[in-house]
Amino acid sequence: MGRGRNASGPARAAGATKGPRPGPKSPPKSAPEAVEADVAGLAARRVAHAVVADLLGKNRALALEDALAQASRVAGLDAGDAGLARAIATVTFRRLGFLRRALAARMEQGLPEDKPRLVALLATGAAQILDLAVPDHAAVDLAVRLAKADPQARHLAGLVNAVLRRVVREREAILAECDDPLEANTPDWLAARWREAYGPEKAAAIARAHLAGAAIDLTLKGEAGDWAERLGAAALPTGSLRLGDLRVPVSELPGFADGAWWVQDAAAAIPARLLGAQPGERIADLCAAPGGKTAQLASRGAVVTALDRSAPRLERLSENLARLGLTAEVVVGDALAFEPPKPFDAVLLDAPCSATGTIRRHPDVAWTKTESDLIRLHLLQARLLDKAATLVRPGGRLVYCTCSLEQEEGERQVAAFLKRNGAFERVPVRADEVGGLDGVINADGDLRTLPAHLEGSDSRRGGLDGFFASRLRHKG
């Protein structure tokens with residue numbers, strides 16, 4: 001992908017005019033002196049750049065969505081600027097492979113991957129030029145302003161200017177090169193895994209789906225009624241609704257304030273349905289936040305215990321339940337240490353995972369996760385699955401699921417569990433339980449959705465998150 005490293009000094013734009021070497025540095029200026037604070041869009045770009053640099057550097061465990069929310073709040077961005085920062089950062093990660101390749105080809109010494117602040121500055125600038133409706137001069141000028149305001153990048157302002165101006169001049173050629181998202185826009189280790197697991201054609205389709213992004217899906221609390229028409233949504237065979245292009249915030253749509261529905265990817269809504277919750281049943285939702293599955297179970301009349309380690313995420317879960325008019329027992333704690341007074345009728349375990357199935361809507365995942373993360377998560381999932389099994393009464397059900405495309409976190413995890421735990425058996429998923437989509441049921445009878453499933457004529461109306469789910473029964 002042309003990801004060269006340069007640890008020996010500043011890179012120079014390939015083909016750029018070689019000017020005189022910079023003279024002695026002047027004393028650092030304060031931020032207000034270095035950059036005018038009131039330049040339109042500058043604050044949003046500063047946040048986008050800082051977040052992308054942070055995630056490419058030392059804070060890879062932080063989710064882009066959370067990082068943007070925190071940085072926008074600290075910077076005091078209004079809704080418009082926060083939206084611009086989100087758009088810039090998201091498209092940068094969504095097309096990061098393409099951007100890295102294009103930038104590296106236009107720098108004499110390649111892209112200095114050991115300098116995340118410079119990489120982020122160039123990548124966010126190039127993303128605006130190539131993929132967003134941003135005037136070229138604004139994208140270039142504001143990137144240069146940010147460089148000049150950064151003590152670590154001030155001496156590279158000329159480089160940033162030269163490289164981004166070349167991107168402007170060569171836009172059409174660059175876009176023409178962006179024709180293979182699996183080869184050029186997917187980390188090598190993920191591309192190799194997906195080719196092996198799903199074959200080259202499906203792997204390529206997965207990468208195309210990631211590039212297309214994701215629509216917003218809704219889960220209804222009650223009957224479908226006329227909600228699709230009222231919301232201008234498409235009714236999916238799985239029972240979810242898929243919104244078209246939004247012109248207003250989700251919170252302003254009909255039914256939000258009344259608690260008629262909540263946002264939840266169509267694939268993410270399937271595992272809770274597979275549990276077959278009945279009124280009055282005691283059900284544990286382990287690793288429950290952000291709460292979509294808890295809401296599904298509670299809306300069926302089940303008595304739900306929602307457990308998660310994160311108190312802040314559970315606060316949001318409780319707020320969502322209140323808006324929906326639903327109730328559940330909310331418990332802050334570690335599932336591995338959870339000791340209820342008696343077993344549950346059913347347990348849903350949405351285990352912590354690499355989240356590679358959510359790259360359509362969370363493109364940072366592809367670039368912030370590593371293969372070593374899988375080893376740690378695989379071991380944790382096995383422990384959680386064994387623990388969840390102890391919480392199920394004889395004859396009860398257990399659904400294990402992950403939003404991952406990696407088989408260690410899905411198919412192989414369940415196969416290993418069934419080998420070491422003879423008290424459980426698989427209950428295969430039926431096509432009628434998933435809207436007749438038998439293509440999302442694997443040979444063992446487990447659910448396996450892929451980002452390229454449910455394709456539509458409009459790429460943003462197609463696709464599903466990559467999910468795995470297995471329904472198990474305690475033989476009793």
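Biologist: How many aromatic pairs does the structure hold?

Modeller: A pair of aromatic rings is described by the distance of the centres and the angle of the planes. Here, in this predicted model, the structure holds 4 aromatic pairs. Rings of Phe, Tyr and Trp (its six-membered ring) pair if their centres lie within 6.5 Å; planes under 30 degrees apart are stacked, over 60 edge-to-face, the rest tilted. As for ground rules, local features need pLDDT of at least 70 and side-chain atom pairs 80 or more, while totals for chains, interfaces and linings use all residues. Residues are numbered from 1 along each chain as its sequence is written, and side-chain values use heavy atoms, with hydrogens and water left out.

Biologist: Which charged end sits over the ring of Phe344?

Modeller: That's Arg282, 4.4 Å from the ring centre. Likewise, Arg230 lies over the face of Trp227, at 4.1 Å from the ring centre. The rule: NZ of Lys or CZ of Arg within 6 Å of the ring centre and within 35 degrees of the ring normal.

Biologist: OK, salt bridges next. How many does a search of the whole structure find?

Modeller: Side chains of opposite charge can pair when their charged atoms come close. The search finds 31 salt bridges, each a side-chain nitrogen of Lys or Arg within 4 Å of a carboxyl oxygen of Asp or Glu. Take Arg242 and Asp217, whose closest N and O atoms are 2.6 Å apart. Arg242 is in strand S3 and Asp217 in strand S1, so the bridge ties together parts 25 residues apart in sequence. Strands (E, at least two residues) and helices (H or I, at least four) are DSSP runs, numbered from the N terminus.

Biologist: Are Arg242 and Asp217 buried or exposed?

Modeller: Both are buried. Buried means under 20% relative accessible area, exposed over 50%, partly exposed in between (1.4 Å probe, protein chains only). Then there's Arg393 with Asp345, at 2.7 Å, N to O. Arg393 sits in strand S9 and Asp345 in strand S8, 48 residues apart. Arg393 is partly exposed at 30%, whereas Asp345 counts as buried at 16%.

Biologist: And which helices does the pair of Arg420 and Asp386 tie together?

Modeller: Those two meet at 2.9 Å, N to O. Arg420 lies in helix H18 and Asp386 in helix H17, so parts 34 residues apart in sequence are tied together. Arg420 is partly exposed at 39%, and Asp386 is partly exposed at 30%. Elsewhere, salt bridges that share partners join Arg193, Glu371, Glu406, Glu408 and Arg412 into one network.
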